[in-house]
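User: I am new to this structure and would like to learn how to read its features one at a time. Please give the general idea before each case.

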Amino acid sequence: MESSSSLLHHSYLSYFNPPKLRKPSLSYPSMQKFRNRKPTCICSNKMYVPGFGEASPEAKVAKHLHDFFTYVAVRIVSAQLESYNPEAYMELREFLDTNSVSDGDKFCAALMRRSSRHMKLALRILEVRSAYCKNDFEWDNLQRLAFKNVDRSNTKLMREYVLETSHVETDPDK
């Protein structure tokens with residue numbers, strides 16, 4: 001028993017009293033903070049995208065999609081109102097003339113606070129926005145179109161560059 005208590009005692013001593021043997025300090029004081037930093041471990045095969053602050057590129061796109069879904073919902077509600085409630089349609093059109101839909105939440109918040117009739121319109125827009133995002137938006141089609149557009153654009157730009165730099169004349173009939 002005494003041997004285990006002495007082992008335990010020595011392990012505590014080594015933990016709380018580290019050896020005082022240290023490497024000589026660097027002559028530049030600013031280098032000290034770099035020496036103490038732990039290396040950043042990137043445990044992903046994805047590209048690092050600098051310059052986005054706290055949000056990822058996907059988070060930025062999600063915010064734009066959120067605002068776009070509000071725009072779509074306003075268009076849907078507007079079209080519905082035009083056919084069965086012309087008075088509410090005109091109120092929404094007047095509100096749209098003075099308020100931008102570029103920030104979806106700001107637009108809906110302002111619409112809610114205008115009057116009780118506008119509150120009902122805002123709730124309908126929120127309902128349609130959610131339903132469209134969850135049920136009707138074709139997420140697979142978005143990904144397919146994004147891939148297709150990037151590939152098409154890259155090919156077009158590379159082809160134009162090669163044609164400009166190689167001085168090859170193209171046949172206008174092709």
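Analyst: We start with burial. A residue counts as buried when its relative accessible area is under 20%, as exposed when it is over 50%, and as partly exposed in between. Note that this is a predicted model.

User: Is Cys 108 buried or exposed, and why?

Analyst: Cys 108 counts as buried because its relative accessibility is 3%. Cys 133, at 24% relative accessibility, counts as partly exposed.

User: How many disulfides are there?

Analyst: The idea is to look for a pair of cysteine sulfur atoms within 2.5 Å. By this rule the count is zero disulfides.

User: How do I read the surroundings of a residue, for instance what Thr 70 touches?

Analyst: First locate the residue, then check its burial, then list its contacts. Thr 70 sits in helix α3. Thr 70 has a relative accessible area of 0%, so it is buried. Not counting residues up to four places away in sequence, Thr 70 touches Val 101, Gly 104, Cys 108, Ile 125 and Arg 129.

User: Where is Arg 129 placed, and which residues is Arg 129 in contact with?

Analyst: Arg 129 belongs to helix α6, which covers residues 116-136. Arg 129 is buried, because its relative accessible area is 12%. Leaving aside neighbours within four places in sequence, the contacts of Arg 129 are His 66, Phe 69, Thr 70, Ala 73, Gly 104 and Asp 105.

User: Is Leu 123 buried or partly exposed?

Analyst: Leu 123 is also found in helix α6. With a relative accessible area of 43%, Leu 123 is partly exposed. For a distance along the fold, take Leu 123 and Leu 111: they are 12 residues apart along the chain, and their C-alpha atoms are separated by 9.3 Å.

User: Next, salt bridges. What is the general idea, and how many does the structure hold?

Analyst: Side chains of opposite charge can pair when their charged atoms come close. The structure holds six salt bridges. One of them joins Lys 63 and Asp 67, with the closest N and O atoms 3.0 Å apart. Both residues lie in helix α3, four residues apart, which is about one turn of the helix.

User: How accessible are Lys 63 and Asp 67?

Analyst: Lys 63 counts as partly exposed because its relative accessibility is 38%. Asp 67 is buried, as its relative accessible area is 12%. Lys 63 and Asp 67 are also linked with Asp 103 in a network of salt bridges.

User: Which residue forms a salt bridge with Glu 87?

Analyst: Arg 117 does, and the closest N and O atoms are 3.4 Å apart. This pair links distant parts of the chain, since Arg 117 is in helix α6 and Glu 87 is in helix α4, 30 residues apart. At 39% relative accessibility Arg 117 counts as partly exposed, while Glu 87 at 52% counts as exposed.

User: What forms a salt bridge with Arg 117 at 3.1 Å?

Analyst: That is Glu 91, with 3.1 Å between the closest N and O atoms. The pair again links distant parts of the chain: Glu 91 in helix α4 and Arg 117 in helix α6 are 26 residues apart. Glu 91 has a relative accessible area of 19%, so it is buried.

User: Last, pockets. What is the idea, and what volume does the largest pocket have?

Analyst: Rolling a probe the size of a water molecule over the atoms shows where empty space is left. The largest pocket has a volume of about 560 Å³. Its lining is made of 16 residues, and those nearest its centre are Lys 46, Val 49, Pro 57, Glu 58 and Val 61. Helices α3 (57-84) and α7 (139-166) each supply at least two residues of that lining. By type, the lining of the largest pocket divides into 12 nonpolar, two polar and two charged residues.

User: Which elements supply the lining of the second largest pocket?

Analyst: α3, α4 (86-98) and α6 each supply at least two residues. The second largest pocket holds about 180 Å³ of space. Among its lining residues are Val 77, Tyr 84, Glu 91, Arg 117 and Arg 124. The lining of the second largest pocket divides into five nonpolar, two polar and four charged residues. Glu 91 and Arg 117, both in this lining, are the pair that forms a salt bridge at 3.1 Å.

Key
Residues numbered from 1 in each chain as written. Predicted model: local features only at pLDDT ≥ 70, side-chain atom pairs only at ≥ 80, totals over all residues. Heavy atoms only, no water. Buried < 20%, exposed > 50% of the residue type's maximum accessible area, 1.4 Å probe, protein only. Contact = heavy atoms within 4.5 Å. 1 Å grid on protein atoms, 1.4 Å probe; cavity = no way out; pocket = protein on both sides within 12 Å on 5 of 7 lines; lining within 4 Å. Points joined across faces, edges and corners; volume = space filled by probe spheres on them. Nonpolar A, V, L, I, M, F, W, Y, C, P; charged D, E, K, R; others polar. Salt bridge = Lys/Arg side-chain N within 4 Å of Asp/Glu carboxyl O.
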